[in-house]
Amino acid sequence: MFSKQVREFFPELPLMAVSTMDSESTRTPQPGAGLTKGGSSLLPDGILGAKLGSHGKHYVCGSMAAFTNILVTFPIQKVLFRQQLHGVLVTEAVQQLQRDGLRNLYRGLLPPLLQKSTTVAIMFGLYEDFSRVLQKHVCGSGVPELVTRSFAAALAGTTEAILTPFERVQTLLQDHRHHARFNNTAHTFRTLLTEYGVRECYRGLVPVLLRNGPSNVLFFGLRGPIKELLPQANNKAGHLVNDFVCGGVLGAALGIMFYPLNVVKARAQSQVGGAFQPCRKVLLTVWRERGGSVIMLFRGAHLNYHRSLISWGIINATYELLLKLL
């Protein structure tokens, strides 16, 4: 059909050239071909790929998902931090925040906003990148895919620890004992660097490393199997709910499992200056201060469970939704 139309307008064009154009027209995407009929893509194919790269969308989706989560759950995190640091009940932690006033409720928001949006971007993005590279190198060697993906998850989690200084600054800004000393994020960073050096910014690094690697391995390893156990979704809302439940259940379970490490991290990072104490010594100190009770060591774990349920539900659902949209 295309060749007949061309020959009507250009009768002098050789037959071979017309045939070539006809064959090329069947292979060349038409202007509207990039828009999907189901509405899963908002832009023609190639535009986002050119801007983000073939795998850059994983970083963007992870960052935006974490950004959304932090804005929603920051007050809960602040109550939880007070429980981890002082071992008080929820009511006492809430009363502390009330005494601090509404002006200080979102004090310390910038560090977790920057840190979490970056670490979650690294978590999802590097996991995909490391998985792809490792599978390419072990292709045909007989190494199970589960092993390569687990190693990729551990590498991504370890890389996240580079951003420990953000957690360090967040701890200092949330601790009411340091309100008079540190004004904001920039002032806290400047004080730590000028008075103590870079090493002080990485106080509490060991519990962060012990937490990040294993939790990443479990999260990425169990995310798929858990979702398969959920009722099959037949629409976008169903997929969104399943992704929320899957991420929330995993996040809550891992939050309980690694809760003592977060307690150790909070205690270590609340200190400014002085000797760096081993992770084990900090844990024993907290345990003795709380009467040698394991239950007291997990003080705040129930709130952490609910916060993680909401946080990782939001992160996982938002990530998967944005991934489909992009």
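## Close-up views of a predicted helical model

**View 1. Helix 4 and the lining of the largest cavity.** Helix 4 gives the largest share of the lining of the largest cavity, with eight residues. Helices here are DSSP runs of H or I with at least four residues, strands are runs of E with at least two, and both are numbered from the N terminus. The cavity holds about 780 Å³ of space. Of its 37 lining residues, Lys116, Arg211, Asn262, Arg307 and Trp312 are the closest to the centre. At least two lining residues come from each of helix 4 (56–86), helix 6, helix 8, helix 11, helix 12 (236–257), helix 13 and helix 16 (301–325). By class, the lining has 13 nonpolar, 18 polar and six charged residues. Nonpolar covers Ala, Val, Leu, Ile, Met, Phe, Trp, Tyr, Cys and Pro, charged covers Asp, Glu, Lys and Arg, and the others, Gly among them, are polar. The structure holds one cavity of 30 Å³ or more. On a 1 Å grid over the protein atoms alone, a cavity is a set of points where a 1.4 Å probe fits but cannot get out, while a pocket is an open set with protein on both sides within 12 Å along at least five of seven lines; lining residues have an atom within 4 Å of a point. Grid points are joined across faces, edges and corners, and a volume is the space filled by probe spheres set on the points.

**View 2. The whole chain, for orientation.** This is a predicted model, in which local features need pLDDT of at least 70 and side-chain atom pairs count only at pLDDT 80 or more, whereas totals for chains, interfaces and linings use all residues. Residues are numbered from 1 along each chain as its sequence is written, and side-chain values use heavy atoms, with hydrogens and water left out. The protein chain has 16 helices and zero strands. Of its 326 residues, 44% count as buried; that label means under 20% relative accessible area, exposed means over 50%, and partly exposed lies in between (1.4 Å probe, protein chains only). Among contacts with a separation of 6 or more, 76% are between residues 24 or more positions apart, a contact being heavy atoms within 4.5 Å. The chain exposes about 17300 Å², with 65% supplied by carbon and sulfur atoms; these areas come from the Shrake-Rupley method with a 1.4 Å probe, and for residues only the protein chains shown count as cover.

**View 3. The largest pocket.** This pocket has a volume of about 260 Å³. It is lined by 19 residues, of which Arg203, Gly204, Ala268, Phe276 and Gln277 are the closest to its centre. Helix 11 (205–229), helix 13 (259–269) and helix 14 (279–289) are the elements that give two or more residues to the lining. That lining divides into 11 nonpolar, five polar and three charged residues.

**View 4. Glutamate 167 in helix 8.** Helix 8 (residues 164–174) carries glutamate 167, and 11 of the 11 residues of this helix are buried. Glutamate 167 counts as buried because its relative accessibility is 8%. Its side chain joins that of lysine 265 in a polar contact of 3.1 Å. Such a contact is a pair of N or O atoms within 3.5 Å; within protein, one must be able to donate a hydrogen and the other to accept it, and residues adjacent in sequence count only if both atoms are side-chain atoms. Apart from neighbours within four places in sequence, glutamate 167 is in contact with Gln115, Val208, Arg211, Lys265 and Gln269.

**View 5. Helix 9 and its two ends.** Thr185, His187, Thr188, Phe189, Thr191 and Leu192 are the buried residues of helix 9 (residues 185–195). Their cover includes helix 6, helix 8 and helix 10 (198–201). At the start of helix 9, a side-chain oxygen of asparagine 184 comes to within 3.3 Å of the backbone nitrogen of alanine 186. Just after the helix, glycine 197 takes a positive phi of about 100 degrees.

**View 6. Two residues of helix 6.** Aspartate 129 sits in helix 6 and is buried, with a relative accessible area of 16%. Its side chain makes a polar contact of 2.4 Å with the side chain of tyrosine 59. Histidine 137 also lies in helix 6 (residues 110–137), but counts as exposed because its relative accessibility is 66%.

**View 7. Glycine 313 in helix 16.** Glycine 313 is found in helix 16 and is buried, with a relative accessible area of 0%. Its C-alpha atom is separated by 7.0 Å from that of aspartate 243, 70 residues apart along the chain. Leaving aside neighbours within four places in sequence, glycine 313 is in contact with Asp243, Phe244, Gly247, Gly248 and Ser308.
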